[in-house]
Amino acid sequence: MKKFVVMLLSLAMVLALTACASGKKGDEGSAEYKDIKIGLICLHNEQSTYDLNFINAMKETCKTLGIPESRMIIVTNIPESNACYEAAKDLVDRGCNIIFADSFGHEDFLIQAAKEFPKVQFLHATGTKAHTEGLANYHNAFASIYEGRYAAGVAAGLKLNEMIESGKITPEKAVMGYVGAYTYAEVISGYTSFYLGAKSVCPSVTMKVQFTGSWYDETEEKEAAQKLIKAGCVLISQHADSMGAPTACETAGVPNVSYNGSTVSACPNTFIVSSRINWAPYYTFAINCVKDGKTIPADWSAGFAEGSVELSAVNDKAAAAGTQDKINAVIADLKAGKINVFSTDTFTVDGKKLDSYMADIDSDADYTPDTEVIKDGYFHESEFRSAPAFDLKIDGIELLNSKF
């Protein structure tokens with residue numbers, strides 16, 4: 001009997017140690033974060049590469065911090081409407097004291113919830129109004145993804161050079177296509193930085209942009225890519241969230257630079273590289289601020305240097321030789337501040353170099369310019385607020401439609 005009791009005690013000790021090692025401690029998780037419960041509001045679901053990027057980063061962050069899944073609630077398919085406010089209210093009712101939302105159009109509804117629940121921290125990705133709303137519990141965040149787009153553009157430019165050198169195209173046929181969602185500054189900043197990256201190594205490059213009017217519409221995105229290919233584009237990238245454009249490129253045998261994650265498994269012959277925002281650093285920062293009772297800044301942005309911007313591995317099957325080494329060097333220069341993506345020496349507007357530009361930083365319905373953003377020879381993106389403000393139409397980029 002004594003031997004049996006000892007065996008039971010030993011088994012109990014093993015189970016207890018296993019629970020501690022897994023960080024679960026029953027269902028309590030890390031004691032440091034026992035008062036934290038997190039909500040994440042997503043525009044779409046895991047089928048969207050954009051939303052999946054947020055979801056994966058949240059799961060990774062909670063696992064790293066020892067926050068169990070029972071204190072992390074992810075709600076998906078929440079449109080940019082009052083449904084976002086209702087989702088936020090429901091998350092508050094379920095005990096969440098930190099609530100994130102991932103889409104631009106969620107902002108006004110999240111602000112409404114923040115005003116109603118001042119003891120809950122609301123954090124919004126891609127928004128523009130936190131610095132003017134002045135709420136202690138409402139915050140905007142983004143990343144310097146223009147750095148990632150630029151580096152990915154370098155990979156695209158190298159591919160164009162390879163096509164020129166092999167005789168597949170002539171320099172004047174180095175035309176890229178870009179599938180964009182909306183004519184927002186976020187999208188304009190992204191495709192412009194991608195173009196400038198390509199131009200830095202392939203001076204003859206030009207680009208055509210086709211907008212879809214939706215963040216996620218696989219049919220529209222596929223058709224947009226097909227239109228661009230038909231219009232003579234020999235390489236395609238995108239700021240849209242489905243697999244529409246990459247699969248169109250794979251079918252047509254056209255090189256593709258994707259966004260928010262590698263598509264190499266579905267597009268092994270055409271995928272070159274992908275840039276993405278890693279949201280884990282911001283999640284971790286904000287959660288720790290709440291845990292420690294520290295103030296979360298109204299605007300937060302970070303880049304390659306902080307681990308908030310990343311590039312996928314290069315697909316050597318589709319990329320030009322030497323691409324990985326070149327983009328490694330470019331990323332190092334971006335981290336060191338040796339490259340300013342929007343240097344006014346690298347682009348013109350209507351044939352002229354800019355030395356001044358007033359941007360709409362304090363957002364309003366009429367997009368009224370209010371802040372000088374060019375100084376020291378470059379456009380200071382994501383410095384006056386976290387969300388992009390670059391909305392210039394530079395030479396070399398043609399918009400095939402612009403109603404969105």
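The expected span of a helix is 1.5 Å times one less than its number of residues. Helices (H or I, at least four residues) and strands (E, at least two) are DSSP runs, numbered from the N terminus. The model is predicted: local features need pLDDT of at least 70, side-chain atom pairs count only at pLDDT 80 or more, and totals for chains, interfaces and linings use all residues. Residues are numbered from 1 along each chain as its sequence is written, and side-chain values use heavy atoms, leaving out hydrogens and water.

**Helix 10**

Take helix 10, residues 280-292. Its 13 residues should span 18 Å at 1.5 Å a residue, and its end C-alpha atoms are 18 Å apart, which agrees. Ala280, Tyr282, Tyr283, Ala286, Ile287 and Cys289 of helix 10 are buried (under 20% relative accessible area; exposed is over 50%, partly exposed in between, with a 1.4 Å probe and protein chains only). An α-helix has 3.6 residues a turn, so residues three or four places apart point the same way. The buried residues of helix 10 pack against strand 1, helix 2 (49-65), strand 3, strand 4, strand 5 and strand 11. Just after helix 10, Gly293 has a positive phi of about 70°.

Six strands form an open sheet in the order 2-1-3-4-5-11, with parallel pairing. Strand 2 (72-75) and strand 11 (299-300) are at the edges with a single partner strand each, so one side of each has no neighbour in the sheet. Two strands pair if DSSP finds at least two bridges between them.

In strand 1, Ile38 and Leu40 point one way. Gly39 and Ile41 point the other way, and all are buried.

**Helix 6 and helix 7**

How do you describe two packed helices? Use the angle between their axes and the distance between the axes. Axes are lines fitted to C-alpha atoms, for helices over the stretch in contact, and angles run from 0 to 180 degrees between N-to-C directions. Helix 6 (145-165) and helix 7 (185-199) pack at about 40°, with axes 6 Å apart. They are therefore oblique to each other: angles under 35 degrees count as roughly parallel, over 145 as roughly antiparallel, 65 to 115 as roughly perpendicular and the rest as oblique. Contact means heavy atoms within 4.5 Å. Residues making the contact include Tyr146 and Arg149 of helix 6 and Ser189 and Phe194 of helix 7.
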